[in-house]
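These are my notebook entries on a few places I looked up in the model.

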Amino acid sequence: MTQALDYRDECHALDELLRNVDDAAWAQQTQFKGWTFNDVLGHLYLFDHAAQLTLREPAAFSDLMRGIRGSAARGQSLLEFTRAWHGDSGGHALLSRWRECCEEVARLYSAADPARRVAWAGPEMSVRSCISARQMETWAHGQALFDALGQTRVENDRIKNIAIMGINTFAWTFANRGVAVPPVKPFVQLTSPSGAIWAWNEPNAVHRVEGTAVDFCRVVTQTRNMRDTRLRLCGETALRWMADAQCFAGPPQSPPPPGTRFAAELHR
């Protein structure tokens with residue numbers, strides 16, 4: 001399953017970024033909710049571990065989700081639960097544990113039936129969707145680390161999996177906010193990192209989203225405000241969609257305000 005290999009390669013790119021980070025940097029806050037490097041990687045590790053469990057040990061996955069829900073019922077945030085879950089592990093020790101987990105997840109999912117259904121925090125999903133979501137989270141949360149280090153990520157056409165998630169969650173963006181879903185989906189035309197043109201939905205001169213696939217993926221994962229990209233938006237539906245786009249599960253989340261997420265070196 002190519003999505004599992006894309007996930008693996010996304011993890012490798014983030015691992016390469018972090019391998020030479022000095023020990024002091026792991027406590028550094030990022031622009032993502034003030035999370036530290038350890039917090040970001042710990043979050044990825046927890047849910048990569050969960051992805052492994054739901055495929056191989058469904059009962060253990062249910063126990064983990066029960067623990068997360070019980071923690072929330074006691075007033076503990078997910079971040080607090082995650083810190084307690086991985087204990088004193090941090091820095092390069094945490095990176096090593098996450099790296100091993102990623103390799104195992106990629107191995108398991110590459111051999112699995114893509115159509116098999118697995119449990120998750122919300123509704124169950126296909127194995128293909130689950131591993132695509134893991135790639136999306138790795139790419140999206142990884143952006144905060146690239147930004148904090150002032151590094152520009154070398155993008156790859158594997159982000160098409162993330163763009164597809166953005167396209168497929170058009171209706172979710174509105175329904176999740178209790179808003180009527182517009183009857184017409186905007187035409188979306190994106191330029192991939194390799195220069196290929198990707199297009200979705202019926203051509204429409206009134207409702208359109210055009211630009212780079214990287215900018216589109218940044219908006220639907222909420223790593224950038226749409227105003228901090230060069231996306232060209234035509235029509236009210238396209239504007240409303242990109243203003244609140246959310247390709248991930250959970251309650252409605254607001255995108256970062258304009259100008260609050262950027263590569264650190266650009267502002268030195």
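Is Phe32 buried or exposed? I found Phe32 buried, at a relative accessible area of 16%; buried means under 20%, exposed over 50%, and partly exposed in between, with a 1.4 Å probe and protein chains only.

Notes on the source. I am working from a predicted model, in which local features need pLDDT of at least 70 and side-chain atom pairs count only at pLDDT 80 or more, while totals for chains, interfaces and linings use all residues. Residues are numbered from 1 along each chain as its sequence is written, and side-chain values use heavy atoms, with hydrogens and water left out.

Entry on aromatic pairs. I counted nine aromatic pairs in the structure. For Phe, Tyr and Trp (its six-membered ring), rings pair if their centres lie within 6.5 Å; planes under 30 degrees apart are stacked, over 60 edge-to-face, and the rest tilted. Phe32 and Trp35 make an edge-to-face pair, with 4.9 Å centre to centre and 85° between the planes. Trp35 is also buried, with a relative accessible area of 11%. I then looked at Phe61 and Trp120, which are stacked at 5.7 Å centre to centre with 20° between the planes. Phe61 sits in helix 3 (residues 58–73) and Trp120 in the loop between strand 1 (117–118) and strand 2 (125–126), so this pair ties together parts 59 residues apart in sequence. Helices (H or I, at least four residues) and strands (E, at least two) are DSSP runs, numbered from the N terminus. Both Phe61 and Trp120 are buried. I also noted a cluster in which ring pairs link Phe170, Phe174, Phe216 and Trp241.

Entry on Thr36. I placed Thr36 in the loop between helix 1 (2–18) and helix 2 (37–56). Thr36 counts as buried at 14% relative accessibility. Leaving aside neighbours within four places in sequence, Thr36 is in contact (heavy atoms within 4.5 Å) with Trp26, Ala27, Gln28, Gln29 and Thr30. Its C-alpha is 8.6 Å from that of Ala25, eleven residues away along the chain.

Entry on Glu137. Glu137 lies in helix 6 (residues 127–148). Apart from neighbours within four places in sequence, Glu137 is in contact with His43, Leu44 and Gly142.

Entry on strands 3 and 4. Strand 3 (residues 187–191) pairs with strand 4 in the antiparallel sense over four bridges; strands pair if DSSP finds at least two bridges between them. I noted Trp198 as the bridge partner of Leu190. The two strands form a hairpin with five residues between them, and Gly195 in the turn has a positive phi of about 100°.

Entry on positive phi. Most residues other than glycine have a negative phi. Asn201 has a positive phi near 70° and lies in the loop between strand 4 and strand 5 (208–212). Asn201 is partly exposed, with a relative accessible area of 30%. Gln222 has a positive phi of about 60° and lies in the loop between helix 9 (213–220) and strand 6 (232–234). Gln222 is buried, with a relative accessible area of 7%.
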